[in-house]
Amino acid sequence: MVQETTGPTGETWDETLVRVFKANEIRLITYVPDKVLAPLIKRLHADDYFTVVCPAREEEAVGIVTGAYMGGLRGIVLMQTSGFATLPNALASLTVPYQIPLLMLISERGTLGDFQLGQVIVCRTMRPILNSLNIENYAIERQDDVEFIADRMIKQAYATQAAAAMILSPLLTARVKK
Amino acid sequence: MQAQLLNPVGREAAKVMNRSDLTRRLVAKLKHEEAVVGGIGHTHFDLWAAGQRPQNFYMLGTMGLAAPIAVGVALAQPQRKVFALEGDGSLLMQLGTLGTIASLQLKNLVVIVWDNGSYQITGGQPTLTATNVDLVAIGKGSGLVQSVWARDEAHFEALVEATLTSDGPLFICARTDNAPPAGVTERDAAKIRNKFMEGLKVNTRGNQQTYAGAA
């Protein structure tokens, strides 16, 4: 049963995501670093439940999670917007045709006050790419929605054997006190 | 693995062999449902032609991801030996993966590269290995201690036999000619995935049944 509200009061988005990953047996974490994702990455590294792999490129992470899924180990790729922009070929030639429930968690950079010019331009490409490949995507903007969106997107991905992109909006992440 | 088998031979001294023949020699030695990920192009064509084992995965696209996919399978099923077959052109697109593999030290992973020095499927344009890149040297530089050129067919077979009973990761490079592949893979991605997952005894929700392994 999915709760429509978050769990314990005061839980941060990264704490909630760790809980949702465990509830869905997401044991393999692959990531290419991102400053916004740093607290989540730190939490995952510190938790023995997870196998954490940090490859050189996001494409590699997609390959690893794809192989792991076919071998019976559930995983996810964590990345930032610019990292996602390196993926269209892998998504179009592997993820989509082979019907892989590839889970992606993308920290949305380049909007709502980002001063990195490259991030701002590449950000414009993210949703058009996801939508043109018909990949389920949804932005998480409020703490109250983290569990509901993440849990349901993960379950839908495995039930339908289709990829899912969870986008972490600055509305969620930039409001957290560091 | 015996040090003698890993005795260094440079690319120039390695015999130019035939990819279809080597693929058949590899497959003939797989008796314990070992997984094989065949990279894009003639690599997976020849894997297909060597016999459609349920534990074979054929990549219809995505240059450079055969090894990462094999890494994923190897992480998921530590009891199963997993082979990645990749071409030199594909591996050149994803060299960082050699470092990733070395960092993970997966005992059950073997990466084999067919190095014909060319993009054979697109008309034989030369790759960087035809002039100046030595993939075994890159493997070693990436931290893969067991990186080796196959000297000839007998050496290749000895390496495969040894790796079935000793710890990886192992990185084998074999020089190959530009003879055409022995067959063409059926182009049905969903069917390929389903058969592979059945072969690995995994359901589509990503849950695994038991596999006892080779022992």
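Visitor: Where is A:N134 placed?
Guide: A:N134 lies in the loop between α6 and β5 (136–140) of chain A. Please keep in mind that this is a predicted model.

Visitor: What is the phi of A:N134?
Guide: Its phi is positive, about 60 degrees, although A:N134 is not a glycine.

Visitor: And is A:N134 buried or exposed?
Guide: A:N134 is exposed, because its relative accessible area is 71% and the cut-off for exposed is over 50%.

Visitor: Which loop holds A:L112?
Guide: A:L112 is in the loop between β4 (103–107) and α6 (117–132) of chain A. This residue has a positive phi of about 55 degrees, and it is not a glycine. With a relative accessibility of 60%, A:L112 counts as exposed.

Visitor: Let us turn to chain B. How many helices and strands are there in chain B?
Guide: Chain B contains eight helices and eight strands. Its radius of gyration is 16 Å, close to the 17 Å given by the globule rule for 215 residues, so chain B is as compact as a globular protein of that length. Along the principal axes, the C-alpha atoms of chain B fill a box of roughly 45 × 40 × 30 Å.

Visitor: What share of chain B is buried?
Guide: Of its 215 residues, 59% count as buried. The chain exposes about 8100 Å², and carbon and sulfur atoms supply 52% of that area.

Visitor: Which residues touch the most other members of the largest nonpolar core?
Guide: That core has 126 residues, and those touching the most other members are A:F21, A:L78, A:F84, A:M104, A:L105 and B:F57. Helix α3 (residues 66–76) of chain B gives the largest share of this core, nine residues. In soluble globular proteins, nonpolar side chains tend to be buried together.

Visitor: What does A:F84 touch?
Guide: Leaving aside residues up to four places away in sequence, A:F84 touches A:M79, A:L91, A:M104, A:I106, A:M126, A:I129 and A:L130.

Visitor: One last topic: which peptide bond is cis in chain B?
Guide: The bond from B:G168 to B:P169 is cis, with omega near 0 degrees. B:P169 belongs to the loop between α7 (153–165) and β8 (170–175) of chain B.

How values were computed: Residues are numbered from 1 along each chain as its sequence is written. Chains are lettered from A and ligands numbered from 1 in the order in which they are written. This is a predicted model: local features need pLDDT of at least 70, side-chain atom pairs count only at pLDDT 80 or more; totals for chains, interfaces and linings use all residues. Side-chain values use heavy atoms; hydrogens and water are left out. Helices (H or I, at least four residues) and strands (E, at least two) are DSSP runs, numbered from the N terminus. The radius of gyration is taken over C-alpha atoms; the globule rule is 2.2 Å times the number of residues to the power 0.38. Buried means under 20% relative accessible area, exposed over 50%, partly exposed in between (1.4 Å probe, protein chains only). Accessible areas come from the Shrake-Rupley method with a 1.4 Å probe; for residues, only the protein chains shown count as cover. A nonpolar core is a set of buried Ala, Val, Leu, Ile, Met, Phe, Trp, Tyr and Cys residues joined through side-chain atoms within 4.5 Å. Contact means heavy atoms within 4.5 Å.
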